[in-house]
Structure formats: structure tokens, C-alpha cells
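Visitor: Hi, I'd like a quick tour of this one. Where shall we start?
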Amino acid sequence: MSIRPETEFKLRATQPLAAAAVERRLRELAADVRADAPARHVDEYLDDDTGSLAAAGIGLRLRRAGGGARLCSKRGGRGVDGLFEREECEAEWSHDAPPRTAAELPEPLRARIEPWTLDRPLAPRLQLATLREVRALARDGRVHAVVCIDATTATAGDAQARFDEVEIEVTSPDDLDECRELAERLRDGLPLQFAADDKPAHARRLLHGAPPPRGDDGARGGERAGVVARAVATEVGGQEG
């Protein structure tokens, strides 16, 4: 289990984008560019049948890569000038099938998801299959930015769409301004624009043409408050005992 802040810049291609073109541009801008072999991963985004998590801007994904699987939750899918700052909560998942309800999630993932979905069944609603090429930028022997070049195919039911992205992962707060400048220079030299939303939100827009409906937010707020109250009461009772 890991909980960590994630800071990254996202740039979305306005036309099909070759990884080689991004690498050429990176080598024009940085002296030390280290390449990893391309790798594939498949993300299944889980939600209830009313889309509670998507409507709340929460992503719950099951990622399968390299023979293993991990669950991850992020919240806050909107970027400002391409910058996304979110908390990432991740845990290993050893089962073949995805979790059926929030109650099957390991803590603290369960605490982040259950207030929104309660005991409603979870199921894969969106699949993102990504071919990722990674370039690490280093100076004086230290990596200060990790650039991910992603070619993604999104599938939901019979609908399918493809898009390309470049992500710049900020490895330290001290490198934020330098990574921002790198993002701006990539945007200026390639068919890229700053992304305003994350991958699953963009995929849903491509596949369905509009974000998911929010439903009865007032009613769901009451449901969430009830779950939180029960959780607090349980914790307090346990401490008193």
C-alpha cells in the first residue's frame, strides 16, 4: 500500500504523435535523455451503474502490467495549464477478478471509495490500453523529470477511440518550474496542447460525447454523510473499548 502526492504536466496530441518525434524534441532540450523499453499496461476503471465515481471526479482503476495487478485511486481530474496535483492511493491486487464492491477494497482505498458507492456493485466501465515509452531527463546524475509518451486505446462496450498524450512527472517540488518550462517548450515544438482533464475523463468524452450525469447530488450527499458518520462512530467506539 502506498499513498503519495502526484504532480505532473499533461499534454494531449492534436494529431497522431510518434514517440520518436517527442524524443527528438527532448534531445534538443536536454543533454541527458535516458530511454526505457516500451511497455504495455491495461487499466480498467471501476464504477457503480450510476457512475458515482466518475461524476465525483474520482478514478478507481485496476492496472494489469507485467503479470501483476494494482488498484489505484486518484481524485481531481482537472488541470490548470496542464498541471495536475493529486493524491495517489495504490495497493496490490492478487485476485483474477476485480473487486465487486467497495467493501472488498483494501484500506485505505475502501475509505476513499465507499462513501460514494456504498454497497452498490462495482464493475469495469472503461478500459484504457496504453503503450508507454519512458524518457528520464537527468542532470549531474540526478533525474529531474520523467516523460511518459502514451498511445492509448479507450474502449467502453462497442465504442472505441484512440489518443496520444505526453506526461511529465515532477520528481521533486524543486523541479516544478523547470518541468513547467519543459512542458511549454514541448507544446510549442510539437502538435500538443495542455490537457484540461485526465485520461479517463477525456476517453469518456471521446466515446460518449459528454461527461457522465451527476444524478441526485443532494441525495448522494446524504448517503455519503451517513457512511462517514457510521465510520466515525465505529472508530470512536473502538477507541473507547
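Guide: Start with Lys-199 and Glu-167: both are buried, meaning under 20% relative accessible area, with exposed over 50% and partly exposed in between (1.4 Å probe, protein chains only). Bear in mind that this is a predicted model, where local features need pLDDT of at least 70, side-chain atom pairs count only at pLDDT 80 or more, and totals for chains, interfaces and linings use all residues. Residues are numbered from 1 along each chain as its sequence is written, and side-chain values use heavy atoms, with hydrogens and water left out.

Visitor: How do the side chains of Lys-199 and Glu-167 meet?
Guide: In a salt bridge, 2.7 Å from N to O. That term means a side-chain nitrogen of Lys or Arg within 4 Å of a carboxyl oxygen of Asp or Glu.

Visitor: Which parts of the chain does the pair link?
Guide: Distant ones: Lys-199 is in helix H5 and Glu-167 in strand S9, 32 residues apart. Helices (H or I, at least four residues) and strands (E, at least two) are DSSP runs, numbered from the N terminus.

Visitor: Is Lys-10 buried or exposed?
Guide: Lys-10 counts as buried, because its relative accessibility is 3%. Lys-10 lies in strand S1.

Visitor: How many salt bridges are there in the whole structure?
Guide: A search finds 35. One of them joins Glu-28 and Arg-25, at 3.0 Å from N to O. Both lie in helix H1, 3 residues apart, about one turn of the helix.

Visitor: Why does Glu-28 count as exposed?
Guide: Because its relative accessibility is 58%. Arg-25 is buried, at 19%.
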